[in-house]
Amino acid sequence: MSEDVLTIKNLQTAFDTDSGRLTAVDGVSFTVPAGKTVGIVGESGCGKSVTAMSIVQLLPQPAGVITGGEVIFKGKNLIGADDETLYSIRGNEIGVIFQEPMTSLNPVHRIGKQLSESLILHKGLSKKDAWKESIELLDMVGIPSPEIRASEYPHQLSGGMRQRVVIAIALACKPDLIIADEPTTALDVTVQAQILDLLNKLQKENGSSVILITHDLGVIAETCDEVVVMYAGRVVEQAPVINIFKNPQHAYTKGLLASMTKLDTPRKSILQTIPNMVAGIADFVCGCRFCQRMKREGETLKVRPEFKEVATDHWVEACPECTDHA
Amino acid sequence: MNLLEVNDLKMHFPIHGGITARKIGAVKAVDGISLSIRKGETLGIVGESGCGKSTLGKAIVRLTNPTAGSIHINGKDITHMSQGQLRPLRKQFQMMFQDPAESLNPRMSVGEIITEPMLIQKIGNRISRRERAIELLERVGMPASAVDKFSFEFSGGQRQRIGVARAIALQPELLVLDEPVSALDVSVQSQVLNLLMELQDEMGIAYMFIAHDLAVVKHISDNVAVMYLGKLVEMADADIIYKNPKHAYTKALISAIPIPDPTVEKERVILEGDVPSPINPPKGSAFGHRINHPNYAETEDLDMPLVEINPGHWVAADPCCLSEEDYAKARALV
């Protein structure tokens, strides 16, 4: 089980804009072990989704460019791979669950047709067999009366049902890696619980690995084995889930955990916050970007802190101001 | 006297069909809700999407015309007032919306946005209004220079602060907040929540806080009301409702909240399916129907009003959703 499905090394992704090339993901490295769930957490705009979309190279074109690093999936580097290779991997060996189920489904095609698409393409099934298999998939993700639902259109389903369809599409070819980009953010807590439960069950059955992107630390705690905390385009901390919650090392991780409203925080007490805001992408400093937010001055803003292992499998961006590790 | 008193409020939207577009049914978005809010207090409203929370909020500030029932603010019946009659009273109650990107006009400067309510209410002159706008901006933690900028120049959290500044510009007594922090990141969310709590302390504003995040609602509210399919199913003090929920739906909602602690293994009630359609709601216990409760059939002709089972703790007398003991107690009170 120790084999890694995916290894990302020093990934750099940039966007070409009117004000020049801006680096959104700045040297991100992590690995996804087989059969495990890795959570990526961070505030909006920290580069979570861009990292994930760089893996499958579904960046907005022509603005998004991968400017460096490696994405090694089952021993193959996907950066620089030709379109043919990518086509055969996307939707087949790597399934993607997008955030907004309304916009990731095609409104003018029947559910069954959208499910059949990858089955016909990757598994070479006939239309008829693919349709049958689609019905089985809908049944697997817990959609009642799947035969009828397969011939309906996305708008006829509720938000939770649509997200189940998106999951069914991602899982159609039993991928080795599932990338779930905020799969439950648009849903109610009750439906979120259903969807997370379903993802968990299907992951166990298929033995897939999952990259789960979310900003909800509660979801992370309940589903992930490993956690990657991102801030301003970089990984500031990476550790097994227990360490992140019980022994966080970086000031940003601590701040995130503290600012969460929990059911047991005393009512109407003043909530802890992280002061100020993330700097604009164009203003990022080369050194510690959390120091930049805290309006500190001096050396830490100039030199990029070393990313080092402070305990077994526990990595942190060792800024002397933000951690105890210098 | 309560600041806000809502009695058996109904908000139905007609469905038209056929060649003559006659009325063929109604969406019962809010179906018989009674509640009250005291001065300076917060009532939290929780429920899944489509349960009618936002419709309730809009009906209370009279953005819509309620179908039945009554709304009293400071003892004054505003249920059937015309918009003209309402205008001078609108100073007392304001509403703030979920998405700051959509509720702030991109063609108006921040100053114009904040002073618009004062302009409508004919308060002050141009110069005094601008001064007040700057004062309000500083109060919500924004630089005075923001007054001449546009809302899209700011981040989500800052825009929501502008929304707060506009909502408090007239020093309302009641503020209906419809999912005010749902679109924000956790760290910014707590900044805005702290601001709302401070303003309440300073100005004594009462809040009706509509949200689907139960931890947030619990934090800011004095009382919490749980809504399901257009009706209230439970209402109590915030701490009590979370520690000792009586209704099966409240229990399910609470158990669905992910706990940010990987060492906690918890028993979760996973609800099947979605909220049923308010067009054709089940005849009897709506939640009993969703969970396929064996007693559902007997609720079809049963009246299940909200009763005060313990002092300050109200729950619907529903045989499908209460323990036997609680139900017996509740039924005796009907």
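**Exercise 1.** Does Arg289(A) count as buried or exposed, and at what relative accessibility?

*Solution.* This is a predicted model, in which local features need pLDDT of at least 70, side-chain atom pairs count only at pLDDT 80 or more, and totals for chains, interfaces and linings use all residues. Residues are numbered from 1 along each chain as its sequence is written, chains are lettered from A and ligands numbered from 1 in the order in which they are written, and side-chain values use heavy atoms, with hydrogens and water left out.

Step 1. Apply the cut-offs: buried is under 20% relative accessible area, exposed is over 50%, and partly exposed lies in between (1.4 Å probe, protein chains only). Arg289(A) has 8% relative accessibility and therefore counts as buried.

Step 2. Look for a charged partner. The side chain of Arg289(A) meets that of Asp26(A) in a salt bridge, 3.1 Å from N to O; the term means a side-chain nitrogen of Lys or Arg within 4 Å of a carboxyl oxygen of Asp or Glu. The pair is 263 residues apart, with Arg289(A) in helix α12 (residues 289-293) and Asp26(A) in strand β2 (residues 20-33) of chain A. Helices (H or I, at least four residues) and strands (E, at least two) are DSSP runs numbered from the N terminus.

Step 3. Check the partner. Asp26(A) is buried too, with a relative accessible area of 12%.

Step 4. A network of salt bridges links Asp26(A), Arg234(A), Arg289(A) and Arg304(A).

**Exercise 2.** Describe the salt bridge between Asp31(B) and Lys231(B).

*Solution.* Step 1. The N to O distance is 3.4 Å.

Step 1. Asp31(B) belongs to strand β2 (residues 22-37) and Lys231(B) to strand β10 (residues 231-237) of chain B, 200 residues apart.

Step 2. Asp31(B) counts as buried at 17% relative accessibility, whereas Lys231(B), at 42%, counts as partly exposed.

**Exercise 3.** Characterise the interface of chain A and chain B.

*Solution.* Step 1. Count residues: 44 of chain A are in contact (heavy atoms within 4.5 Å) with 46 of chain B.

Step 1. State the area. The two chains bury about 3700 Å² between them, 56% of it on carbon and sulfur atoms; buried area is the accessible area (1.4 Å probe) that two parts lose on being put together, summed over both. Leu263(A), Arg267(A) and Lys268(A) supply 21% of the area that chain A buries against chain B, more than any other three residues.

Step 2. List the charged pairs. The rule finds four salt bridges across this interface. Lys246(A) forms a salt bridge with Asp261(B), with the closest N and O atoms 3.2 Å apart.

Step 3. Assign elements. On the side of chain A that touches chain B, α8 (189-206), α9 (217-223), α10 (241-246) and α11 (251-259) each supply at least two residues. The most comes from α8(A), with seven residues.

**Exercise 4.** Which domains does the assignment give for chain B, and how do they meet?

*Solution.* Step 1. An automatic or database domain assignment gives domain 1 (4-92 + 172-333) and domain 2 (93-171). Their centres, taken over C-alpha atoms, are 29 Å apart.

Step 1. The contact takes 35 residues from domain 1 of chain B and 20 residues from domain 2 of chain B.

Step 2. The area buried between the domains is about 2400 Å², of which carbon and sulfur atoms give 68%.

Step 3. Two salt bridges are counted between the domains. Arg139(B) forms a salt bridge with Glu198(B), the closest N and O atoms lying 3.1 Å apart.
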